[in-house]
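Biologist: I have a structure open and some questions about it. Can we go through them in order?
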Amino acid sequence: MPEFTYDELRELLPQKSGPFVTITMPLERAGSNEQQNTIRLKNALRAADDQVTALEVLSKEDRAAMFAPAHALLD
């Protein structure tokens with residue numbers, strides 16, 4: 001996975017409308033617990049979607065589009 005760059009961060013700064021979601025989590029290095037990364041990400045995405053749903057500011061389709069890049073990481 002490519003690293004998040006400073007230029008990509010600068011592109012996000014002018015955006016004024018949200019909601020915005022930040023997901024942070026520990027990562028396991030390759031080895032016996034590597035599958036935990038996928039499980040943690042799935043759980044974090046589910047929790048974030050639940051929180052955005054509770055805000056009632058996006059449709060189901062808009063939430064799906066918002067989280068699509070993160071779900072693509074699961075593949």
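Biologist: Leaving aside neighbours within four places in sequence, which residues is Leu41 in contact with?

Modeller: Leaving those aside, Leu41 is in contact with Met25, Ala70, Leu73 and Leu74. Contact means heavy atoms within 4.5 Å. This is a predicted model, where local features need pLDDT of at least 70, side-chain atom pairs count only at pLDDT 80 or more, and totals for chains, interfaces and linings use all residues. Residues are numbered from 1 along each chain as its sequence is written, and side-chain values use heavy atoms, with hydrogens and water left out.

Biologist: Which residues make up the largest nonpolar core?

Modeller: That core has 6 residues: Leu41, Leu45, Ala48, Val52, Phe67 and Ala70. A nonpolar core is a set of buried Ala, Val, Leu, Ile, Met, Phe, Trp, Tyr and Cys residues joined through side-chain atoms within 4.5 Å. Buried means under 20% relative accessible area, exposed over 50%, and partly exposed in between, with a 1.4 Å probe and protein chains only.

Biologist: Which elements give two or more residues to this core?

Modeller: H2 and H3 do, and H2 gives the most, with 4 residues. Helices are DSSP runs of H or I, at least four residues, numbered from the N terminus.

Biologist: New topic. Why does Asn37 count as buried?

Modeller: Because its relative accessibility is 14%. Asn37 is found in helix H2, residues 35–55. Leaving aside neighbours within four places in sequence, Asn37 is in contact with Met25, Pro26, Leu27 and Glu28.

Biologist: And Arg63, buried or exposed?

Modeller: Arg63 is buried, with a relative accessible area of 13%. Arg63 lies in helix H3, residues 60–74. A polar atom of its side chain lies 3.3 Å from the backbone oxygen of Leu58. Beyond neighbours within four places in sequence, Arg63 is in contact with Asp49, Val52, Thr53 and Leu58.

Biologist: What volume does the largest pocket have?

Modeller: About 1400 Å³; a volume is the space filled by probe spheres set on grid points, which are joined across faces, edges and corners. On a 1 Å grid over the protein atoms alone, a pocket is an open set of points where a 1.4 Å probe fits, with protein on both sides within 12 Å along at least five of seven lines; lining residues have an atom within 4 Å of a point.

Key
A polar contact is a pair of N or O atoms within 3.5 Å; within protein, one must be able to donate a hydrogen and the other to accept it, and residues adjacent in sequence count only if both atoms are side-chain atoms.
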